[in-house]
Each structure stands twice: as C-alpha cells, then as structure tokens.
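Please read it alongside the sequence and the structure.

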Amino acid sequence: MEICKLTTKTIKPRPISDSVYAQLCEVIPGGVNSPVRSFKGLDMTPLVAERGAGDMVYDVDGNGYIDYCMSWGALLFGHAHPDVIAPTIERMKKGTSFGITTPIEEQLARKVIEHLPSIEKLRFVSSGTEATMSAIRLARGYTGKDVVVKFTGNYHGHADMLLVRGGSGLVGLNPESTSAGVTQEAIRHTICLPFNDVQAVKDLFYHPQTHNKIAAVIVEPVAGNMGVVAATAEFLQTLREETTKSGAVLIFDEVMTGFRVGLKSAQGMYGIRPDMTCLAKIIGGGFPAAAFGGKREIMDYLAPLGPVYQAGTLSGNPVAMEAGLAMLKLAEKPGVYEELERKVALFADPVIEHIRKKNINASLQRVGSMLTLFLGTKQVDCMEDAQHLDKEWFARFFRYMFEQGIYIPPVQHEAWFISAVHTDEHLLKTRDAVIQFL
Ligand SMILES: *Cc1c(COP(=O)(O)O)cnc(C)c1O
C-alpha cells in the first residue's frame, strides 16, 4: 500500500490526480497496469493522464507537460497525429476485430520487410513480450536446442525464461530470477552475460558444456532498458560470427529501436543481419501491435506450416495494423530522421557540453532520438556501470522537471524519447531546465 500514498513533495497541488489515483489503488495493484507508472521512490502521486496532443500530455487536473515518455517510445509522431488517427477511425467503422485474416496485414508486413531485409516473413502479435517469447520458442523448435543467452540489463518483456538478472559466470546454471513466481525450471536454460563483453561471449561459445547447446542469443542492439547504452560494433559482430558458427539463432530485440533509430532500425545502423527480429512500440502506431520475423526457413517452422505453436485472438488486429501502417508511412517521408536528429542535437549537444565543461558527475547518452541522462556516473557501457546511479539526485531532478511542466520517464534506467513533433521551443525550454538543474 505504501506505493499508493499521495503526493508529499510536489509543490503544485493536483487534487483531482490525487483522488483519481487513490480510487485506482483500490481496484488495481499499485494503481497502475505496469509498475514503472507508479512513480515508486519519487514520493509523489503519479501522472494521471487525461489526453495528449502533439508533444504535450495533459493530466486530469488540466496541467500540461512536454512529454519525453511518448508511450515508452511508441509515438514517433507525438500524440493523436491526424495522419495516424484519421485512417484508424475509418478502419474502426468497418469493424474492429474479426479473428479472420485481412488484407491490411499484408500491407504492414510488406512495409516492414521492405525496410528490414533480414526479415523475409513475419508474424504479428500484440505486445513486445509476446514477440520475444514466441521468437524464443521458435528458435528452440527450429534448432532443437534449449539454451537461450541474454545480457544483463537487457529487457525483453516479462516471459518467464527472460526474467533473469544475473549469473554472469560461465554456464550460470542457476541464474537468479528477477521476479517471484518464476520457477528455477523456467530459467534453467537461460544464461545471462554482461552486455558489451566480447570475451564472455567467446568463452561461452567455446565452453565444452554449452558450445553446442545454444538455441538463441537475444540482444537489444541499442540497449534502452538500462538507460541508453549502445552495443559496440565489435560486440554485435562477435554475436553474429559465433551464432553463425554454432548454428544458434541471433535475435535482435528491436522492440524499442525498430523505426526509432532510423528507418532501417539498429540492424541497418550497424550493418548486421540478424536471423530474427522482434518489433513492437512504433509498428503499432500507438495501438497494441508487435511482430517477430526473420529468415523464411525459420519462420516456416511456425504452425500451421510447421511444428511450433503460436497464436493470438487479436494478432494482426486491423485497427492496430492501420495505425502502424500510417505511422510507417509518415516515417518514410524524406528527411524525417534528419530533422529528428537536428531536434535531438538542439537539446542534447548543449547539455553534453555543459556536463563536460563543469565536470559534472553525469552523462547524457543518446542514439538517434532515444537518450538517457545518467546522474552519478560519467559513462555507462553495461549494467554493472549503471548500478551506482544517484537515486536521490534523480528523484530531485524528476520533481524539478515535473514542476516546470516537463515529463521525463519516472525511472532513471529508462530512455527518453524525442518525437518528430517536439517543437524547437519546447526542446530549448527542456535544455535550459536541465542545465539550470545541473
Ligand atoms: C518495451 C520492450 C519490450 C516489451 O514490450 P511490451 O510491449 O511492453 O511487452 C521488449 N523488449 C524491448 C527492447 C522493449 O523496449
């Protein structure tokens, strides 16, 4: 119940938010349907959203905030973009779900394949969690092997076998689960290695106990869930080489980076062709849609063609497909990512320069329009580096920004997202607020 206590430290009162949140807490655990929304550790009532428009989100008390959460990266063109909303509303009038195949699924699939040539076939699901979970089952079915390798600090949704924190030693046969309720059995075949550690990968692939048991390696090519930490080219190249040699499936989890860091996503940026890719967030256009796809011969292992079962009542939902298609069409317009880059630089470059000049113990790390301001460390290359961040400093920073009408993700280990509709004026205001605080 502690999480449900109401604001004590915000200056500006938000009486309607307080009361709505108290009501929510009576019927929903922690008052939220996903834990980070609860503002745990910040000592204030969470944001209770009423509506969004462009780069702004408004709470139920009528306060506006410049939004850098952007539905955790799903909204590349901000809230309620007319070119996304209009076709989606038209689609809804024709029926919202059939549980029967529809032509729009092909249109969105072709668009994804056009930009990500490593994907020859794909299947739509409804969340990133479902995409990674299904990709791993498929990789295991295809290879006939059991072991899944992931990296500390990489998040792939909340399927049991991926909820593993540590055990970075070789053959961590008893890796510690990150959640109660996950059985040792469920994570028995999951091995967790440090991110960006080339030697650890090589050691694993040459270890006599594991070298021929690895079904899949799953990685966030630009990690966004420990704060933004780019993989080194050498690290990803090593994953590509070792998985190819051993016959393991290399899965890029591009749920966050897909169509975010560029139209060709992280795999295009690094020039590496994974065997499979997981997508969500942007491809749903603000609706629940996700996908996993890759080589034809792997994908054809799925039922009804092959022996690996996977299904979903709302998979390929036509309303979500329409929104995703509309968003990708916007993203394809010439100059979108160049303009995004200009906007991000407008905000980020002066902050980076300020941190350097004043020798502040902080670091702003960014890849394209995803970025994190780490407080209490000068560089983060892996989760081990991100373990000693200054939580109290972040809580003060968050509240300071909130009071200026700027909403950043309420946890330090998360990415901020700049959308194509953030105005220069708002970015400059944010820049000034950050520099002022620092
Ligand atoms: C958000 C995210 C997920 C989980 O997606 P959900 O839709 O929240 O289930 C998985 N992987 C990465 C890299 C993500 O950023």
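In this predicted model, the residues around the ligand are Ser127, Gly128, Thr129, Tyr155, His156, Gly157, Glu220, Asn225, Asp253, Val255, Met256 and Lys281. Among them, asparagine 225 places a polar side-chain atom 3.1 Å from an oxygen atom of the ligand. Aspartate 253 has a side-chain N or O atom 2.7 Å from a nitrogen atom of the ligand. For lysine 281, a side-chain N or O atom is 2.6 Å from an oxygen atom of the ligand.

| Residue | Ligand atom | Distance |
|---|---|---|
| Asparagine 225 | oxygen | 3.1 Å |
| Aspartate 253 | nitrogen | 2.7 Å |
| Lysine 281 | oxygen | 2.6 Å |

The domain assignment divides the chain into domain 1, made of residues 15-80 + 334-437, and domain 2, made of residues 82-331. In the contact between them, domain 1 takes part with 28 residues and domain 2 with 30 residues. The C-alpha centres of domain 1 and domain 2 are 25 Å apart.

How much area do domain 1 and domain 2 bury between them? The value is about 2,300 Å², and 66% of it lies on carbon and sulfur atoms. On the side of domain 1, the residues that lose the most area to domain 2 are Tyr337, Val367 and Met370, which together account for 26% of what that side buries.

Which elements give two or more residues to the side of domain 1 that touches domain 2? They are helix 2 (70-73), helix 11 (336-357), strand 13 (362-367) and strand 14 (370-375). Strand 14 gives the most to this side, with 4 residues. By class, the side of domain 1 that touches domain 2 comprises 19 nonpolar, 5 polar and 4 charged residues.

Over the whole structure, a search finds 18 salt bridges. Side chains of opposite charge can pair when their charged atoms come close.

Two features of the backbone complete the account. Alanine 303 and proline 304 are joined by a cis peptide bond, with omega at about 10°. Proline 304 sits in the loop between helix 9 (296-299) and helix 10 (318-332). Aspartate 43, although it is not a glycine, has a positive phi of about 60°. This aspartate 43 is in the loop between helix 1 (15-27) and strand 1 (49-53).

Technical notes: Residues numbered from 1 in each chain as written. Predicted model: local features only at pLDDT ≥ 70, side-chain atom pairs only at ≥ 80, totals over all residues. Heavy atoms only, no water. Domains from an automatic or database assignment. Contact = heavy atoms within 4.5 Å. Buried area = accessible area lost by both parts, 1.4 Å probe. Nonpolar A, V, L, I, M, F, W, Y, C, P; charged D, E, K, R; others polar. Near = heavy atom within 4 Å. Polar contact = N/O pair within 3.5 Å; in protein donor to acceptor, adjacent residues only side chain to side chain. Salt bridge = Lys/Arg side-chain N within 4 Å of Asp/Glu carboxyl O.
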